[in-house]
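Have the sequence and the 3D view ready as you read.

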Amino acid sequence: MCFCLQYEYFNAVLINEVDEEGNSVELGGEFILQPNDHFNNLSVNLSLSVVQVPTNMYNKDSAIVNGIYWSEALNKVFVDNFERDPSLIWQYFGSAKGFFRQYPGIKWKPDEHGVIAFDCRNRKWYIQAATSPKDVVILVDVSGSMKGLRLTIARQTVSSILDTLGDDDFFNIIAYNEELHYVEPCLNGTLVQADVTNKDHFREHLDKLFAQGIGMLDVALTEAFNLLSDFNETGRGSVCSQAIMLVTDGAVDTYDAIFAKYNWPERKVRIFPYLIGRESAFADNLKWMACANKGYFTQISTLADVQENVMEYLHVLSRPKVIDQEHDTVWTEAYIDSTLPQAQKLEDGQGPVLMTTVAMPVFSTKNETRNRGILLGVVGTDVPVSELLKTIPKYKLGIHGYAFAITNNGYILTHPDLRPLYGDGKKRRKPNYSSVDLSEVEWEDKDDTLRNAMVNRKTGTFSMEVTKSVDKGKRVLVLHNDYYYTDIKGTPFSLGVALSRGHGKFFFRGNVTVEEGLHDLEHPDVALADEWTYCNTDEHPEHRYLSQIEAIKLYLYGHEPHLQCDKELIHEVLFDAMVTAPLEAYWTSLVLNKSENSDKGVEIAYLGTRTGLSRINLFVVPDELTNQDFLTAEDKEGVFNADHFPLWYKRAAEQVPGTFVYSLPFNIGSQNKSVVLASTAIQLLDERKSPIAAAVGIQMKLEFFQRKFWTASRQCTALDGKCSISCDEENINCYLIDNNGFILVAEDYTLTGKFFGEAEGAVMSKLLQMGSFKRVTLYDYQALCWVYTESSDSGHTLLDPYFAFFSAVKWILTELVIFLVEFNLYSWWYSDLTAKAQRMGRAMQVPCDTEYPAFISERTIKENTGNIDCDGCIKSFVIQQIPSSNLFMVVVDNKCDCSMFEPITMDPIEIMYILNWKKNGEGVF
């Protein structure tokens with residue numbers, strides 16, 4: 001024992017710390033740390049691990065030091081694992097005693113109060129690996145003797161028990177005195193899944209408990225046994241372990257008659273009494289209950305004792321697994337672990353990294369302790385979800401295709417539409433980010449056919465029409481998806497792949513020599529998709545510093561036989577580089593020919609291909625770009641990444657071949673609002689089934705685009721050169737809108753980027769009525785809401801002059817289309833819409849479900865006219881599509897006051913549910 005107490009180890013908090021005299025502090029010492037790019041340049045030690053001990057535990061306790069001593073052998077295991085698989089990141093061992101051994105070694109820093117509250121035994125990976133799924137009923141004594149501090153400790157005890165429950169567990173909480181009080185009355189007589197939302201809901205109700213009367217424990221135990229039995233018969237529970245947690249300040253009887261009736265001799269339900277307070281008068285009865293029902297007795301005297309004592313029951317529940325030596329590997333749902341100091345720094349460009357943990361229990365194998373079932377701890381490693389996506393080549397899934405995975409509970413492990421973060425810089429976690437159900441993103445599957453098949457780990461296919469919101473929900477694409485799904489062996493996950501019809505089925509291959517392809521691939525205007533794996537540079541340490549293009553060169557020349565590469569993808573990207581190479585010379589000639597772009601209205605030209613290859617050409621110096629985020633790391637939706645093609649590419653692909661898609665960023669700031677982007681898809685053949693090879697476009701200044709428009713609108717075909725009607729007239733309003741109803745050009749500059757229905761509610765209503773536009777209802781089940789504490793058709797029209805006007809402005813077709821075709825380019829933008837909050841008072845964001853509209857034009861209707869009766873005054877308008885584009889010209893007579901028509905907005909509306917609970921716990925809406 002003395003040897004254990006004298007043993008020194010590297011404490012994660014104390015390493016490299018010195019005292020006032022400059023000497024290393026006890027349990028500290030010199031610990032070499034070096035920045036490592038594999039760990040995002042964090043300073044780590046690849047030879048040794050460190051040990052973290054929670055602040056509320058004595059870091060030289062003999063039991064802890066002894067465990068640290070024998071677990072030091074894991075250092076060699078961790079190092080060997082990393083050398084064998086260099087893609088690994090953090091490896092660790094969480095001890096049943098509370099200490100946490102982590103590799104590679106890294107320094108931990110306490111919070112501002114000098115505290116590190118992290119306890120590995122509270123983490124989901126530890127609990128899932130240590131125990132089997134369980135059904136739990138928590139009984140809380142609220143008799144008069146529980147008043148004051150005892151009730152406070154009881155609440156904290158129940159809350160800590162909830163912390164130990166995971167998504168595979170089910171529970172309910174019953175308070176008792178002379179009567180039974182379900183903490184949530186709506187859930188009387190059932191158990192609910194222990195997900196984050198349900199646990200938080202029950203915690204809110206714990207504060208409403210108050211102590212009075214006398215405690216009738218016999219009634220409470222009878223209810224708990226019946227509840228567990230009835231729920232088990234439904235087949236919806238965990239069917240593994242059942243337990244009753246009894247939180248009380250004493251019991252006047254042993255209640256053996258109740259146990260004999262409901263629990264003996266099988267003893268399927270374990271009893272875990274928690275004696276609250278310092279008095280021990282009734283401790284013997286509670287101890288007897290625990291021992292007679294295969295449980296564990298604990299006394300909790302102060303709030304500081306709660307966490308450590310609650311954890312004891314986990315070791316009891318782990319005994320069957322230990323005795324049977326069940327080394328089950330568990331995988332957690334996706335999570336962002338910001339409790340670890342390294343996790344707060346191990347971030348990609350968009351915020352904290354989404355992880356899953358692979359964990360396994362560690363048992364004592366000594367013959368003398370084997371029958372006692374001693375759990376030593378849990379060993380685990382983190383796997384970034386992005387690593388799982390790399391195994392599925394994005395280029396084979398088509399433009400709109402994507403892969404996704406869910407857990408056995410239906411929760412999303414990874415999906416392109418999962419949005420776990422919010423706030424400035426997208427670095428704040430949503431409260432329920434880890435329990436987003438597949439049905440909340442694939443919501444068109446009303447019957448949950450796809451979800452249920454994947455939860456049941458089946459293999460099959462499924463098809464449905466979907467409306468995919470893009471560009472932060474402001475635009476919509478209507479697609480028909482074919483889903484293919486199967487289970488992932490050895491994990492609780494199921495994998496799905498969605499392919500959109502019309503994409504991904506056909507592809508083409510071209511012939512190119514290695515020399516030709518590499519020559520064109522190495523041009524400075526060429527870039528490859530950062531998150532696509534052309535070659536696996538993570539497998540061997542010597543390859544980690546290679547760019548994808550450098551790795552491709554080594555692979556093709558055979559200089560690195562151990563380099564694993566995608567041969568098919570590399571061949572196609574070489575072909576794309578060769579075919580698109582002439583663009584560089586063309587763009588250069590445009591730069592040299594100043595007359596083509598003398599006022600620098602066009603700023604960027606670029607191209608993207610199906611293989612993730614991009615070519616970018618700047619017509620102005622970088623500092624002069626109006627939108628400097630475009631096609632950068634900040635422009636997440638505008639670049640190729642692991643789970644989607646760029647937004648500009650996807651929208652162009654859904655237009656009629658040869659059509660240009662014009663857009664501008666939404667009104668979130670002048671720096672982004674002042675550009676217009678145009679893109680078009682390139683197909684090999686002029687037919688729908690021909691594969692889309694690339695998309696091209698330009699970014700131009702908004703002022704430049706608007707000047708082109710107004711110049712075109714003033715051109716007239718009359719012999720005298722005079723226009724019969726003009727946008728310059730006071731009683732005429734002219735708009736240029738896109739196929740989703742957003743204004744690109746208006747006489748009132750402040751309307752640029754806004755939805756047309758906000759400016760002309762009456763006209764938009766009529767367009768919807770006539771079918772020129774249609775409304776599509778979308779749903780967002782991951783939304784955040786602000787909570788504050790505090791027409792008919794009649795009359796004569798003036799339409800004839802408008803047609804004369806349109807015969808004039810059709811010149812814009814020739815001007816703009818020729819202007820764009822000459823460039824053979826592409827573009828898009830990135831915008832981040834934020835909620836409008838103009839009300840005064842304290843506000844906070846809470847999870848909610850919302851419904852909101854999006855609008856899309858009807859392609860077959862090229863032009864239309866309409867009249868609106870505005871209280872006796874007839875308002876007339878004309879709308880006409882500009883050919884080969886997604887744009888519409890709208891001319892409105894503004895002489896009538898149509899303010900009685902409400903504006904049409906795209907503001908989301910929170911969905912309010914009325915929920916009634918049946919006896920069996922099923923919700924009825």
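Take C291: with a relative accessibility of 69%, it counts as exposed, because exposed means over 50% relative accessible area, buried means under 20%, and partly exposed is in between (1.4 Å probe, protein chains only). C120 is at 0%, so it counts as buried.

A word on the ground rules: this is a predicted model, where local features need pLDDT of at least 70, side-chain atom pairs count only at pLDDT 80 or more, and totals for chains, interfaces and linings use all residues. Residues are numbered from 1 along each chain as its sequence is written, and side-chain values use heavy atoms, leaving out hydrogens and water.

## The whole protein

There are 27 helices and 42 strands here; these are DSSP runs numbered from the N terminus (helices are H or I, at least four residues; strands are E, at least two). Of the 925 residues, 54% count as buried.

## Three disulfides

How many disulfides does a search of the whole structure find? It turns up 3, a disulfide being a pair of cysteine sulfur atoms within 2.5 Å. In general, a disulfide is a covalent bond between the sulfur atoms of two cysteines.

C535 and C565 form one of them, with their sulfur atoms 2.0 Å apart. C535 sits in strand β26 and C565 in strand β27, so this pair ties together parts that are 30 residues apart in sequence. Both C535 and C565 are buried.

C870 and C898 make another, with sulfur atoms 1.7 Å apart. Its link is right-handed, with 90 degrees about the S-S bond. Then there's C873 with C896, where the sulfur atoms are 1.8 Å apart and the link is left-handed, at -70 degrees about the S-S bond. C873 is partly exposed, at 30%, while C896 counts as buried at 8%.

## A helix with a buried face

Now look at helix α2 (residues 62-71), whose buried residues are I64, V65, G67, I68 and S71. Seen down the axis of α2, they fall within an arc of 160 degrees, so they line one face of the helix; the arc is that of the directions from the helix axis to the C-beta atoms.

## An open sheet

Finally, 6 strands form an open sheet in the order β3-β5-β4-β17-β16-β13, with antiparallel pairing. Two strands pair if DSSP finds at least two bridges between them. At the edges are β3 and β13, each pairing on one side only. Inside the sheet, β4 and β5 pair over 4 bridges, and Y92 has Q102 in β5 as its bridge partner.
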